[in-house]
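Welcome! Take a moment to look over the sequence and the 3D view before reading on.

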Amino acid sequence: MQEPVPCLYVHVPFCARKCSYCAFYSEASDGGLMDRYVRALLRELETVAGDLRPRTIFFGGGTPTLLTLRHWGQIFRTLDRLGLLPVPEFTVEANPATISADKARLLREHGVNRVSLGVQSLDPGLLERLGRIHTPGQVFRSWDILRRAGFDNLNLDLMFGIPGQTLASWDATLDEALALQSEHLSCYEVIYEEDTPLFAQLQAGAFSVDEDLVCAQYERLLERAAAAGFFQYEVANFARDRRPPAPPTARLSGEFPAFACRHNINYWRAGDFHGLGPSATAYVRGVRTRNVADTRAWCEAVEQGRSPVVFREALSPLARAGEAAAFGLRVVTGWPYEEFRRRTGFDLRTEWAAELAELERRGWGVREPDRFRLTQAGLRFADAAAEMMLRPDPAPERDTPRTAILQPTRPAWSPAP
Ligand code: SF4
């Protein structure tokens, strides 16, 4: 009998307004379409429920907290009826402008135990530059609401490398963000995605990227997060092992700190996950699929009992192992050889001997007795290191042209709402 899938991602494709850097699939919220989306989502959920025993559920987007109390009530009732609740880790991404006390309480009462708050910056000018709808004041208000509702596992998403962001401004954001004493921090460098206003501005010469400044901001982040009691466990992710006021050096757990995001760890360890909603991808037993990135077309397909999948790719065992090697290098503790062999059937040391030697030669990686990991310098080039590990199939079994293979559902290391 096949093992049930341990993780579920749900894409909520609505945003109040499009941010200037964002390339994720989302559209303006509209009451009628949101009702229709929720009905279709619950139907799509029924189709995979029998193959799920979730240890993590993650609602991302888009802006999941734009869904109303009534929508959330429908979702929780269905999850419950299908026997999918409770789960050890249930995350909802939230925009600070869209959290009310009622919504926070409802989420908490129904087993959501982790909220990821899309703060990005606490500098009002930079928030405007990014096209965000929230203000710093709303961050602090929503923070209080979430804590009062009983959330004791909160993530803050921050961005650096924002055009116009000085080192002093980054420091000021870190001052205020660290003072909140979240359990988790995700900090991303701005990525200039094609088809975004920010990319167009860069192309038009409206600003330039100062790589030295971006490196200095990343260095500052590493220093300050460590000093505040966080353990870096992935290129862009930091978590506590215990709540303050425990001393920062008191690391209790093994491979990952206690508040590390289990859902994202599953991505980096190339684990299986189902994905629901428009544009969501899934990766189940070596087959990657992606749903149509159009809310109406996705609703129509689900309503008519057709599959909303527009892309399907079956990978060979070696190609799967190559992706696992690539993803897993983003984890600070690297890949334990034994775990890699157990998950993929391949020996990292022999199959990737040339790549590991090259990464070591560049000073990006280190072969330890039980594992291979990137160095702190190598983590800065994790994407380039990952490219080296891939073993694409010469003639992959696909239904449609392939797109970015390194992006599960929505990249685990990307800015959230
Ligand atoms: S960054 Fe988040 S809130 Fe902004 S448009 Fe993208 S998904 Fe929506």
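## About the model

This is a predicted model, in which local features need pLDDT of at least 70, side-chain atom pairs count only at pLDDT 80 or more, and totals for chains, interfaces and linings use all residues. Residues are numbered from 1 along each chain as its sequence is written, while side-chain values use heavy atoms, leaving out hydrogens and water.

## Aromatic pairs

There are 17 aromatic pairs in the structure. Rings of Phe, Tyr and Trp (its six-membered ring) pair if their centres lie within 6.5 Å; planes under 30 degrees apart count as stacked, over 60 as edge-to-face and the rest as tilted. Tyr37 and Trp298 make a tilted pair, 5.4 Å from centre to centre with 35° between the planes. This pair links distant parts of the chain, 261 residues apart: Tyr37 belongs to helix α1 (residues 31-49) and Trp298 to helix α10 (residues 295-303). Helices (H or I, at least four residues) and strands (E, at least two) are DSSP runs, numbered from the N terminus. Tyr37 is buried, at a relative accessible area of 0%, and Trp298 is buried at 0% too. Here, buried means under 20% relative accessible area, exposed over 50%, and partly exposed in between (1.4 Å probe, protein chains only).

Now meet Trp364 and Phe381, whose ring centres are 4.7 Å apart with planes at 10°, so the pair is stacked. Trp364 lies in the loop between α14 (353-361) and β16 (365-367), and Phe381 in the loop between α15 (376-380) and α16 (382-389), so the pair ties together parts 17 residues apart in sequence. Trp364 is buried at 12%, whereas Phe381 is partly exposed at 42%. Elsewhere, ring pairs join Phe59, Trp72, Phe76 and Phe90 into a cluster.

## Charges over rings

A charge sits over a ring if NZ of Lys or CZ of Arg is within 6 Å of the ring centre and within 35 degrees of the ring normal. Arg240 lies over the face of Phe230, 4.2 Å from the ring centre. The charged end of Arg269 is placed over the ring of Trp335, at 4.1 Å from its centre.

## Helix α6

The expected span of a helix is 1.5 Å times one less than its number of residues. Helix α6 (residues 167-179) has 13 residues and should span 18 Å, which agrees with the 18 Å between its end C-alpha atoms. Its buried residues are Ser169, Trp170, Asp171, Thr173, Leu174, Ala177 and Leu178. After α6 comes Gln181, with a positive phi near 60°.
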